[in-house]
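Q: I'd like a close look at one part of this model: how the pieces pack against each other, and which side chains do the touching. Please keep it chatty, and take me through it one step at a time.

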Amino acid sequence: MKSFEKIRQKYKPSKINLLFIGEAHPSNGVFFYNEDTVLYKFTKEAFNEYFKADTFTLEFFKDKGCYLYDIGKSHFGMTFKEKVNAIAEGIPVLAKFILENKPIYIISTNNSIFNAIIMANAEIGDMIPEENIFDLPTPIFGNHHFYKEELVKALEQIDFKKIESVVSLKQEEE
């Protein structure tokens, strides 16, 4: 678990523009930030389609102020009730993370956690406007094309190309 978090921190931008929220990192050893998950594959495809170029890398994701946060720990071996409880326990921690990092937009990468995201946002006074929170289907169980299509639509809706990279913003401040 610690190695996953160490890798995740390497790609945390100084300013989060677009916060992707996942349920938990997969239990089979793969990880978004290792570039070996279905979520990574279809996020990359969606970004490349939106930008009409093969631009997506983890550095690009970071430079654009994107970050993936998991609301819970791996749910491997948990019953449904234990999984629901684990997500519920993650709500206050997520609320604190949102409050501290102040993302402009949020993408739920799994329909099953959307309500938890809304509850976390409510805990901090609905800091993120409802229209800035997008609920995408999980890219597994044959939903990958829907996930990709909905992510492209979300990027278009927020006009993501106009969001300056965190790197250029940092350079302007210096």
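A: Let's settle one word before we start: a residue is called buried when its relative accessible area is under 20%, exposed when it is over 50%, and partly exposed in between. Bear in mind too that this is a predicted model.

A86 sits in helix 4. Its relative accessible area is 18%, so A86 falls on the buried side of that cut-off.

On the helix 4 side, the contact uses I87, I91, P92, L94 and A95, while helix 5 brings A116, I117, M119, A120 and E123. Sorted by class, that contact of helix 4 with helix 5 has nine nonpolar residues, one charged and no polar ones.

Helix 2 puts L39, F42, T43, E45, A46, F47, E49 and Y50 into the contact, and helix 6 answers with H144, Y147, K148, L151, V152, L155 and E156. By class, the contact of helix 2 with helix 6 splits into nine nonpolar, two polar and four charged residues.

Start with Y50, which lies in helix 2. With a relative accessible area of 6%, Y50 counts as buried. Setting aside neighbours within four places in sequence, Y50 is in contact with V152, L155, E156, D159, F160 and K161. For contrast, Y50 and V30 are 20 residues apart in sequence, but 25 Å separates them in space, C-alpha to C-alpha.

A pair of aromatic rings is described by the distance of the centres and the angle of the planes. The structure holds 21 aromatic pairs. In one of them, Y33 and Y67, the ring centres are 6.2 Å apart and the planes stand at 35°, so the pair is tilted. Y33 belongs to the loop between strand 1 (18-22) and helix 2 (38-51), and Y67 to strand 2 (residues 66-70), so this pair links parts of the chain that are 34 residues apart. Both Y33 and Y67 are buried. Then there is F47 with F160: their ring centres are 5.9 Å apart and the planes are at 90°, so that pair is edge-to-face. This pair also links distant parts of the chain, with F47 in helix 2 and F160 in the loop between helix 6 (144-157) and helix 7 (166-173), 113 residues apart. F47 is buried, at 0% relative accessibility. F160 is buried too, with a relative accessible area of 0%.

Finally, a few loop residues around these helices. E35 lies in the loop between strand 1 and helix 2. Phi of E35 is near 65°, a positive value in a residue other than glycine. At 44% relative accessibility, E35 counts as partly exposed. The loop between strand 4 (133-135) and helix 6 holds F141. Phi of F141 is near 60°, again a positive value in a residue other than glycine. With a relative accessible area of 73%, F141 is exposed. T138 lies in the loop between strand 4 and helix 6 as well. T138 counts as buried, at 13% relative accessibility. Leaving out residues up to four places away in sequence, T138 touches T109, N110, N111 and N143.

Methods: Residues numbered from 1 in each chain as written. Predicted model: local features only at pLDDT ≥ 70, side-chain atom pairs only at ≥ 80, totals over all residues. Heavy atoms only, no water. Contact = heavy atoms within 4.5 Å. Helix = DSSP H or I, 4+ residues; strand = E, 2+ residues; numbered from the N terminus. Nonpolar A, V, L, I, M, F, W, Y, C, P; charged D, E, K, R; others polar. Phe/Tyr/Trp six-rings, centres within 6.5 Å; stacked < 30°, edge-to-face > 60°. Buried < 20%, exposed > 50% of the residue type's maximum accessible area, 1.4 Å probe, protein only.
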